[in-house]
Structure formats: C-alpha cells, structure tokens
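Colleague: I am new to this one. Can you walk me through a few points, please?

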Amino acid sequence: MKIKITGIGSYIPEKKVSNTDFGNHVFLNEDGTPFGKPNDIIINKFKGITGIEHRRYAEDQYTSSDLAFFASQKAIENAGIDPETIDYIIFAHNFGEVKFGSTQADTVPSLATRVKQKLQIKNPKCVAFDILFGCPGWIEGVLQANAYIKSGMAKRCLVIGSETLSRVVDAHDRDSMIYSDGAGASIIEASDDESGMLSYESATYALDEANYLFFGKSYNKDLPEDTRYIKMHGRKIYEFALINVPTAMKSCLDESGLKIDDVTKILIHQANEKMDEAIIQRFYKLHDRPVPQDIMPMSIHELGNSSVATVPTLLDLLVRGEIKDQKIKKGDILLFASVGAGMNINAFLYRY
C-alpha cells in the first residue's frame with residue numbers, strides 16, 4: 001500500500017512586503033551596537049544571498065489557524081471529499097497562534113482543533129493535534145499520515161503547515177527579512193494505483209545542533225529582556241544543511257530503488273536560494289551527475305520563507321501551473337526535502 005496526496009491547497013496573504021520596505025529599519029549587531037552599513041547595502045547583499053525580493057505577511061485580522069483554515073478549505077475542495085470523513089487533522093507549526101501586535105503564543109486549544117472547529121467537522125473520531133518539527137513539519141506530518149493509514153488507524157488525513165513568522169521576528173535583526181507568513185494543506189489517502197509515496201527519510205540531530213534555531217531577546221537592548229524572538233545561527237545552519245540534507249535525500253532515493261535520472265522535480269524547503277542551490281549541487285555530486293535544468297522550482301523570490309508552509313504551497317503552485325516555466329505531469333517523480341529547527345531533516349520520494 002502507498003499513500004498519495006489527493007488534494008492540495010494554499011493560502012498566500014495579500015499583504016506584500018518588499019525589500020525596500022526595510023529601508024528605514026534600524027539594524028543592530030547582537031550586542032546592540034549599530035550595524036555600521038547603510039540599509040541599501042544590507043538589503044542588496046541579503047537579496048543576493050537569499051533570492052528574496054518580496055514576502056507576504058498575514059492580514060492583521062487573521063491568525064495562523066485562519067490561514068490554515070483557508071488552505072484546508074481549498075485542499076478539501078480539490079480532493080472532492082466530505083470533511084466529515086477525515087480521520088486525522090495534523091497541524092505543523094512552530095509558534096502557535098500569535099495575534100497581530102503581540103509576540104505571545106497561544107497553543108490551547110491546539111491549532112488543529114481550531115481548524116476542525118472552523119471547518120465545522122462534527123465527527124468526534126476526527127482526531128486533531130499539532131506537531132512541532134521546525135520547517136520540515138509539513139513533510140513530517142505527511143510521514144505521520146503515512147504511518148496512520150498503513151497501520152489501519154486512518155483512511156484519510158488532513159495535513160497542514162501554517163505559520164505567521166512576521167509576528168515573532170526581531171525588527172532589529174537582519175534575519176527578520178527572511179521570514180514570511182502563509183499556509184499549505186493537503187489531503188492524504190491510501191493509493192490503489194502506481195502514484196504515491198515511494199520512500200522516505202527522517203532524522204533529528206540534537207547533540208550539538210539543538211540550539212541552531214532558538215528563541216532569544218532583541219538586539220535592541222532598550223526592549224524588555226523577557227520578550228523573545230526567533231533567532232538563528234545562520235552560518236551553522238548553512239553548513240549543517242549542506243552536509244546532511246544531500247545525504248538524507250540520497251538515502252531516500254536509494255531506498256526507493258529508483259535512479260537519480262528518474263527524478264523529475266525536487267521540491268525543497270524555501271529557506272535560502274543559495275543554500276538550496278548548494279544542497280542540490282551536492283546531491284547530484286553524490287551521484288556524479290550534473291544538475292538538470294529546471295529541476296528545482298522556487299517560490300522564495302516572491303513569497304519568502306514561511307517555514308512549514310513553503311513546501312505544500314510550492315506544490316500547490318506547481319500543480320496549478322503558477323510557477324513560470326515549471327510544470328508536472330502524471331507519472332513524474334518528485335523528491336520532497338526540508339531542514340529546520342531541531343535540527344530536523346526529512347524527505348520523501350513521490351510518484352505524481
């Protein structure tokens with residue numbers, strides 16, 4: 001038995017924030033001193049590394065569960081199912097429900113429960129819960145759905161990735177320009193044909209890597225020290241990803257029995273364009289093959305890094321033909337991969 005994605009949907013907020021909107025930000029060093037370079041130089045260097053020119057922020061009246069609800073509605077409609085037949089709602093996020101103007105996270109009730117309520121699902125046997133797995137959360141949710149369905153505990157799952165990172169960033173930290181908001185959702189069911197998941201890989205590295213991403217105080221020493229924001233050791237994450245993600249992808253591919261030339265597209269977490277390109281190059285180098293043209297669809301240029309939402313949103317855009325010069329067709333082999341807080345890495349190979 002295999003599992004397949006029978007419905008996909010995403011919600012991309014309408015509030016568009018350009019790099020130029022950071023022109024008046026006061027960027028500081030970690031010790032609170034002025035960064036020392038004009039903002040236009042900071043922004044141009046940032047774009048050259050990450051590829052990000054725009055990102056989306058959630059509308060003020062919406063929270064993460066709202067974005068997830070909108071994406072879930074689209075996925076349910078795309079699958080053509082009755083939501084009452086969903087056995088599990090698995091909601092991947094990292095920071096809970098954060099209202100506009102606040103950095104305080106609210107996780108009770110779970111965000112999955114809130115989505116179930118918004119969908120007006122009456123069936124009590126539809127079990128709703130959240131997972132915290134960093135940026136690879138949606139992929140991990142798909143792997144959990146795979147386990148539930150193969151064990152006989154479920155026939156149909158709704159797997160969501162949603163985040164409002166713009167509400168937990170330090171405006172004085174240059175890394176704040178990376179993050180964005182959005183949601184992606186998918187319906188996962190058993191497959192009775194050749195399509196579906198072929199193999200997977202998942203891992204957590206925690207001895208030295210657990211705090212590469214963390215919650216820390218603002219670089220602005222005048223702000224309250226008990227208020228925390230998302231922080232990261234960017235260089236350590238970059239080096240970790242380049243060493244470990246390609247090998248995880250190779251392990252996943254090897255497990256399937258397919259060859260590198262069978263892979264049609266690689267849908268990788270939209271974290272940093274240069275990092276993603278380096279990961280793909282190393283992956284193909286492990287197979288002594290050149291990187292094929294157009295193998296890696298990208299959405300980061302316009303949407304930024306919305307964490308758990310990047311991969312399902314990328315798939316939705318690809319399915320709907322909304323990524324320039326990119327398309328997929330039945331029978332294509334897709335390799336999904338992600339890396340993030342934990343440090344967690346996962347991947348799965350999928351026949352579309």
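Colleague: Which residues does Q270 touch, not counting those up to four places away in sequence?

Modeller: This is a predicted model, where local features need pLDDT of at least 70, side-chain atom pairs count only at pLDDT 80 or more, and totals for chains, interfaces and linings use all residues. Residues are numbered from 1 along each chain as its sequence is written, and side-chain values use heavy atoms, with hydrogens and water left out. Contact means heavy atoms within 4.5 Å. On that basis Q270 touches D276, P297, M298, S299, I300, G304, N305, T310 and L314.

Colleague: Is Q270 buried or exposed?

Modeller: Buried means under 20% relative accessible area, exposed over 50%, partly exposed in between (1.4 Å probe, protein chains only). The relative accessible area of Q270 is 0%, so Q270 is buried.

Colleague: Which backbone nitrogen does the side chain of Q270 reach at 2.8 Å?

Modeller: A polar atom of the Q270 side chain lies 3.2 Å from the backbone nitrogen of I300. At 2.8 Å, the side chain of Q270 reaches the backbone nitrogen of S299.

Colleague: Now the helices. At roughly what angle do the axes of α2 and α3 cross?

Modeller: Axes are lines fitted to C-alpha atoms, for helices over the stretch in contact, and angles run from 0 to 180 degrees between N-to-C directions. Helices (H or I, at least four residues) are DSSP runs, numbered from the N terminus. The axes of α2 (residues 64-79) and α3 (residues 111-118) come within 9 Å and cross at roughly 50 degrees.

Key
Polar contact = N/O pair within 3.5 Å; in protein donor to acceptor, adjacent residues only side chain to side chain. Helix = DSSP H or I, 4+ residues; strand = E, 2+ residues; numbered from the N terminus.
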